[in-house]
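Me: I'm new to this one. Could you walk me through how to read a few of its features?

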Amino acid sequence: MTNQVFGIDLGTTYSAIAYINDFGNAEVLRNREGDETTPSVVFFESETNFVVGKEAKNAILVNQDATVSLIKRHMGTAFTQQFFGTAFGPEGISAIILKDLVDYAKEASGVDTDKVVITVPAYFGLAEKEATRQAGVAAGLDVVGIVTEPVAAALSVGITGEETRTLFVYDLGGGTFDCTVMRVSPGVIEVIGIDGNRLLGGADWDARLFALLNEKFIAQAGLDDDPTTDEDFAQDLMTKVEETKKTLSSRERTSVTLRFGDTLEKVEVTRAEFEEATRTLVDQTLEIARRALDTAREKQPGLEIDDVLLVGGSSRMPVIEKSLQNELGWTLRKTELDLAVAKGAAIYGNAGLAFAETIASGDSSADDLGTDEKKFLLGTSTVEIRNVLSRSLGVQFVRRDPAAPNGWTPYVDFSAHGNDSLPLDAVFQGSTVSDGTTELEIHIFEQNSPVENEAPSENREVTPPEGAVLRNLPHLSADSTIEFELHIDAEGHATLTAYEPTSAQRIEMHVSLAVLQDEDVQQLKQTIAGMTRSA
Ligand code: AMP
């Protein structure tokens, strides 16, 4: 067992794994097929056999029911699917992908370690981060860290310079879009603001190209009906779409041959046509980028962007660079797009270990660490990473409402807001609504929509599963004060304390992080340990 840590970019559509090679550089390890990225797709061949990657992606066409893709979109939810009698949630499917990546990476690199750092999008809330960690545990791995993708991307381009620079990370992947503004100064990476759309990514460009090619085929062949109602035609077109899109990133025009019944047509498509059909998608990313910038400027007036980092496979489309240059006036610094995040994770993981070793050996540079701060050694310097809260957090209260059946309407009062700097503390008060109150049930919610919405149904409840009840209250009269204190640490873990001053009754609760309990994770670990990759 070595002291190495694998860095894993567990992506929505593609994943990658990196390590620190003998020369001390982060290097992405190629998979069995010789590719640097692996489709995040699992195909269940039997109860105990699975396939991950390109082969699994191809299996979608012939065996859709036994194939799972885009599982990252369900991370942190109770979504499950049955395969050969076993139910798998997002943790289980992700665990299979992780296991497969690490098993082969060990073989390819000769590095025998189970230690990993896994990356997550900046907008992932607590439940999604915890589900990602649990996926690693279920894969039999030792998850030494979870790091956000933009921070990993920044680490991959080297951040130990002398200057302070403000970075904008534009990350357009296969299924998600993420923007992050961060300030990098010697020794500190401070995330200032994040924004994004978790349902916008390369797959949307594929869908537009699918429609465009289909339209052209119909016109060329003079068809009256839509050929995509035919499953074979639709699947054939779908497989050709992604390749065509990629070709259009390097060539001005290309063609696809499509067959429907006896009709065979060679359909030509130009980059200009593709860009026209997808213009509104690019515009959506620009609008989000401007919003991220505005948020950052609200926190730090006058902030200017020094470097723009392009990340994510879909940033290869030339229109992205062109639009950011023309419409936002930005000059870009390219990263290795789909490899930067995995490399940054490996750098983070190995720096983290160096730091742990430094503490163990009593190095004085570790003495001034605040407990809430994370510091890592990169080379010879220490880097502290300061994050922001990804989603707002609040407690449910009620307000008088004559129209409501019982005269009260519940709403969520957010006391910590997305993009607040971490760690943070918030103090607030509530009051009882009826005389003779002896117990108060507390409900905590995490924002679950792109902007704050006070309706409880629009949020995700994160109250501990056992519930949170402030008991033994001394028959409080209406309008008695209850005090709340919310503490969120540097990693985003939240603790809420509710306190009733006259009786000194107090309850402290940790917001519920996970869908799975520890026993479930151990059970899943056993199931996955009993499964093997098909040869
Ligand atoms: P990621 O999840 O960051 O690896 O991004 C994967 C996405 O990037 C998928 O939607 C791919 O189709 C897309 N992609 C990869 N290469 C290219 C390319 N050359 N041109 C356009 N899109 C690409």
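Reply: Let's start with salt bridges: one is a side-chain nitrogen of Lys or Arg within 4 Å of a carboxyl oxygen of Asp or Glu. Bear in mind that this is a predicted model. Here, Arg 316 and Asp 338 make such a pair, at 3.1 Å from N to O. Arg 316 sits in the loop between strand E17 and H9, and Asp 338 in the loop between strand E18 and helix H10, so the pair ties together parts 22 residues apart in sequence.

Me: How many salt bridges are there by this rule?

Reply: The count comes to 32. Another one joins Asp 206 and Lys 245, with their closest N and O atoms 2.8 Å apart. That pair links helix H5 to helix H6, 39 residues apart.

Me: Is Lys 245 buried or exposed?

Reply: Buried means under 20% relative accessible area. Lys 245 has 9%, so it counts as buried. Asp 206 is buried too, at 17%.

Me: What should helix H6 span at 1.5 Å a residue?

Reply: Its 20 residues should span 28 Å, and the end C-alpha atoms are 30 Å apart, which agrees. H6 also bends by about 25° at Val 241, and Val 241 is one of its buried residues.

Me: And where do nonpolar residues go?

Reply: In soluble globular proteins, nonpolar side chains tend to be buried together. In this model, the largest nonpolar core has 44 residues, and Phe 168, Ile 320, Leu 324 and Trp 330 touch the most other members. Helix H8 gives the largest share, 8 residues.

Definitions and conventions. Residues numbered from 1 in each chain as written. Predicted model: local features only at pLDDT ≥ 70, side-chain atom pairs only at ≥ 80, totals over all residues. Heavy atoms only, no water. Core = buried A, V, L, I, M, F, W, Y, C linked by side-chain atoms within 4.5 Å. Buried < 20%, exposed > 50% of the residue type's maximum accessible area, 1.4 Å probe, protein only. Helix = DSSP H or I, 4+ residues; strand = E, 2+ residues; numbered from the N terminus. Expected span 1.5 Å × (residues − 1). Bend = angle between axes of the 7 residues up to and from the residue.
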